[in-house]
Amino acid sequence: MKTVKNILISLSMFLMFSCMDTIELDVKSYEAMVVVDGEINNMDDVQSLKLSITQPYFQSSQKIIIEEAVVNLFEDNNLIGTYTYIKEGEYLLDYKGKIGNEYKLEITLPHIAEHPQLSGKVISSKAEKLEPVSEITAVRYEYKPESLVFEEGYYLLIDTYDPKGKGNNYRWKVAVNGIVSNDPRHILVLEDDRVDGNLIVGLDLTYDPFQEGDEIVVYQQSISNTFYQYLFDIYMQALTQESFFDSPAYNPKSNLISDIEVVGYFNASAYHKAEIVIGD
């Protein structure tokens, strides 16, 4: 049997934030864009999706949410359900994704008084296959004293593995005492080009050092090549923000299709989770 090498992977955190330079904004050229933020997974019994409309950069009013759109979910090209509007632009559907199946959305926008040009428009997503995800085989913590490299505190490490074959991309989310950070700097992803078919040992998922007693849940998530690239584009923009190589911001390529401007992503993912209490 071929010996599998142990590999220690160091991941870069992804940072996305607004450009802080002074900008001359041509308000007349502003074009409203629909924002779609949704996922289907094999972990939750209820799937969530959010719809809103972008605002001009310097506009101080509350963002515009989209109410009462018709949002249909297709599984292997068969309609399996229509989301129910709840509040604040959020739509829910009682359904759990199935590994190996493909999913896509079709959204019909309602009448939108503030932006009539968007009324009745249709947005669809390219199909995404819900790929399986490997298990987290071990989760542990390690105390590190303050040094030139590390802040004092507890650091979270996991072991996992990558199946043989390209295209197994990953994202990790860490819940601390029941809260998953929404900070874009805490987005952790990995493409499997350098770890294909190998063990991944001692992967550090620490944003900031943890405290004794913190209850930690680690979510390991499968993501498609296109969703990985979507996140990578965000990373590349963040990498050059306010640097010598700073370049104009752009919207990362999504899997959404329409004859109007639309941003965001609808992804399909499998999850595996592991839990630990720091100090136990």
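Q: Which backbone nitrogen does the side chain of Gln47 reach, and at what distance?
A: The side chain of Gln47 reaches the backbone nitrogen of Asn41 at 3.0 Å. A polar contact is a pair of N or O atoms within 3.5 Å, where within protein one must be able to donate a hydrogen and the other to accept it, and residues adjacent in sequence count only through side-chain atoms on both sides. At 3.0 Å, this pair is within that cut-off.

Q: What kind of model is this, and how are its residues numbered?
A: This is a predicted model, in which local features need pLDDT of at least 70 and side-chain atom pairs count only at pLDDT 80 or more, while totals for chains, interfaces and linings use all residues. Residues are numbered from 1 along each chain as its sequence is written, and side-chain values use heavy atoms, leaving out hydrogens and water.

Q: Why is Gln47 called buried?
A: Buried means under 20% relative accessible area, exposed means over 50%, and partly exposed is in between (1.4 Å probe, protein chains only). Gln47 has 1%, so the name is buried. Gln47 is found in strand E4, residues 46–53; a strand here is a DSSP run of at least two residues, numbered from the N terminus.

Q: What makes the pair of Tyr141 and Tyr154 edge-to-face?
A: Let's start with the rule: rings of Phe, Tyr and Trp (its six-membered ring) pair if their centres lie within 6.5 Å, and planes under 30 degrees apart count as stacked, over 60 as edge-to-face and the rest as tilted. The centres of Tyr141 and Tyr154 are 5.6 Å apart and the planes are at 80 degrees, so the pair is edge-to-face. Tyr141 sits in strand E13 and Tyr154 in strand E14, 13 residues apart. Tyr141, Tyr143 and Tyr154 form one aromatic cluster, and the count of aromatic pairs comes to 10.

Q: Why is Tyr141 called partly exposed?
A: Tyr141 has 25% relative accessibility, so this residue counts as partly exposed. Tyr154 has 18%, so Tyr154 is buried.

Q: How do you know that the side chains of Asp159 and Arg140 meet in a salt bridge?
A: A salt bridge is a side-chain nitrogen of Lys or Arg within 4 Å of a carboxyl oxygen of Asp or Glu. Asp159 and Arg140 have 3.0 Å from N to O, which is within the cut-off. Asp159 lies in strand E14 and Arg140 in strand E13, so this pair ties together parts that are 19 residues apart in sequence. The structure holds five salt bridges.

Q: What makes Asp259 exposed?
A: Asp259 has 60% relative accessibility, so Asp259 counts as exposed. The side chains of Lys121 and Asp259 meet in a salt bridge at 3.4 Å, N to O, and the two residues are 138 residues apart.

Q: How do you know that the charged end of Lys144 sits over the ring of Tyr155?
A: The rule asks for NZ of Lys or CZ of Arg within 6 Å of the ring centre and within 35 degrees of the ring normal. The charged end of Lys144 sits over the ring of Tyr155, 4.9 Å from its centre.

Q: Why is Leu148 called exposed?
A: Leu148 has 90% relative accessibility, so Leu148 counts as exposed. Leu148 lies in the loop between E13 and E14.

Terms used
Helices (H or I, at least four residues) and strands (E, at least two) are DSSP runs, numbered from the N terminus.
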